[in-house]
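Here is a short briefing on one protein model.

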Amino acid sequence: MKKKLPSLITIVYIVVWLFVFAIPPIYEAILINVGMTTDVSWERMAGKWIYILPIFILFLVNNFVFVPHILKHDRVFVYVVTTLISTFVVVFLCEIVFESAFIMPKMEADDGPKRNEWFNDRPKPKFDDMQFADKGTFDDRRPRPRMRGKGGDGIMFLFGRPIDSFLVHLLAAYLAIAVNTAISIVLRAQNERKRIAMAEKQTIEAELQYLKYQLSPHFFMNTLNNIHALVDVDAEKAKETILTLSQLMRYLLYETNQTFVPLRDEIDFIEHYVALMKLRYTKDVDVQCQMPKVVPNIMVPPLIFVVFVENAFKHGVSYQKHSFIHINIMMSGNIITFSCINSVAEKPPMNDTHHGVGLENAKKRLNLILPSRHNLTITQNEEHYDVVLSMSCECSS
């Protein structure tokens with residue numbers, strides 16, 4: 001089985017976190033380089049790694065648990081509450097670990113409360129800098145757990161550690177989770193769009209195949225009926241007609257398996273089809289077929305014109321009165337204009353369930369293949385039936 005390669009976003013995540021965890025050693029190297037220290041402080045590096053570790057753990061939990069199992073199922077409220085609470089708890093516990101591992105041992109060694117020199121390089125406040133209560137007994141005027149700094153007063157948190165460090169830590173964790181969630185939502189939206197586009201493409205291809213296979217038997221049935229009628233009249237003509245039909249069948253079965261085919265092939269197909277159909281009727285049926293003499297290399301949907309031509313011969317020819325079928329294809333740049341005007345023989349019987357199936361299939365195919373690049377107009381009255389189809393097609397390479 002072929003192994004699945006990591007995605008680009010996964011590689012980016014790995015590179016970013018490797019860089020983040022490399023910041024403490026880089027910082028130590030900078031301190032040594034500028035002469036601020038002579039030895040690497042493993043204690044200082046461990047403290048910074050403990051500061052980074054909960055954010056990394058929260059990132060993993062959010063990316064592989066919360067997002068795919070909660071947010072993916074549109075449980076937004078549960079996701080938000082779970083993320084907020086879990087982030088707060090993890091950061092809080094990490095602060096306690098930090099105090100227990102680094103602050104408390106120093107406090108015991110120095111025999112008194114002492115600020116974390118690694119986290120904040122400000123000098124230890126003197127007794128004169130501490131605030132006293134303005135009123136009360138002498139016991140009430142003992143130093144409050146409040147210290148002055150450049151940014152104002154810093155309230156003490158746990159074991160003498162300032163609360164602003166905890167808030168900064170918590171804010172950094174929330175920011176990392178927010179960025180990770182935003183990226184996950186964007187990637188999910190992109191994957192959803194790709195999935196929908198792929199499903200639409202597969203639906204279009206399946207429906208086109210269905211429509212084409214539905215058209216083919218209908219065409220063969222009418223053509224074979226024409227040859228059957230010709231055998232009794234002229235056997236040689238019938239042989240020639242069978243050869244022509246074989247060419248049409250070859251084109252229909254092997255050349256129309258693509259979404260687009262050359263316009264020249266479609267015109268040849270229509271001319272052969274009309275020639276076969278004219279053998280069946282007398283001169284009382286006026287059949288005219290005008291095609292462009294110079295055909296550019298333009299691609300069109302296969303069998304899109306013959307549907308209307310077939311419909312004209314099926315419903316436009318009458319044996320009792322004069323009938324006509326006029327077919328015309330005109331070119332203007334890459335704009336193709338097809339028109340088919342035929343007389344109206346009679347209304348189809350009420351039980352004819354196949355009437356109009358070909359036309360509906362043609363409309364569906366045009367909407368699927370050329371949704372915004374075609375214009376189909378069909379008008380009908382008691383005397384004639386008009387079809388005008390114009391479409392913008394692309395030139396073949």
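Which residue in β9 is the bridge partner of Asn375? The partner is Ser390. This is a predicted model: local features need pLDDT of at least 70, side-chain atom pairs count only at pLDDT 80 or more, and totals for chains, interfaces and linings use all residues. Residues are numbered from 1 along each chain as its sequence is written, and side-chain values use heavy atoms, with hydrogens and water left out. Helices (H or I, at least four residues) and strands (E, at least two) are DSSP runs, numbered from the N terminus.

**Sheet**

- An open sheet is built from 5 strands in the order β4-β6-β7-β9-β8, with mixed pairing (two strands pair if DSSP finds at least two bridges between them).
- β4 and β8 are the edge strands, each pairing on one side only.
- From one strand to the next, the twist averages 5 degrees.
- β8 (residues 374-380) and β9 (residues 384-392) run antiparallel and are joined by 7 bridges.
- These two strands, β8 and β9, form a hairpin with 3 residues between them.
- β4 and β6 run parallel, joined by 6 bridges.
- Within that pairing, Cys289 has Ile327 in β6 as its bridge partner.

**Helices on the sheet**

- α7 lies across β4, β6 and β7, at about 170 degrees to β6 (axes are lines fitted to C-alpha atoms, for helices over the stretch in contact, and angles run from 0 to 180 degrees between N-to-C directions).
- α8 lies across β4, β6, β7, β8 and β9, at about 5 degrees to β7 (contact means heavy atoms within 4.5 Å).
- Buried residues of α7 include Leu263, Phe269 and Met277 (buried means under 20% relative accessible area, exposed over 50%, partly exposed in between, with a 1.4 Å probe and protein chains only).

**Cores**

- The largest nonpolar core has 47 residues, of which Phe305, Phe313, Phe338 and Met391 touch the most other members (a nonpolar core is a set of buried Ala, Val, Leu, Ile, Met, Phe, Trp, Tyr and Cys residues joined through side-chain atoms within 4.5 Å).
- α7 gives the most to this core, with 8 residues.
- Phe313 touches Tyr273, Val274, Met277, Tyr281, Val287 and Ile325, not counting residues up to four places away in sequence.
- A second, separate core of 16 residues includes Leu58, Val67, Val91 and Ala173.

**Glu95**

- Glu95 is found in helix α4 (residues 76-110).
- Glu95 counts as buried because its relative accessibility is 1%.
- Glu95 and His169 are 74 residues apart in sequence and 8.8 Å apart in space, C-alpha to C-alpha.
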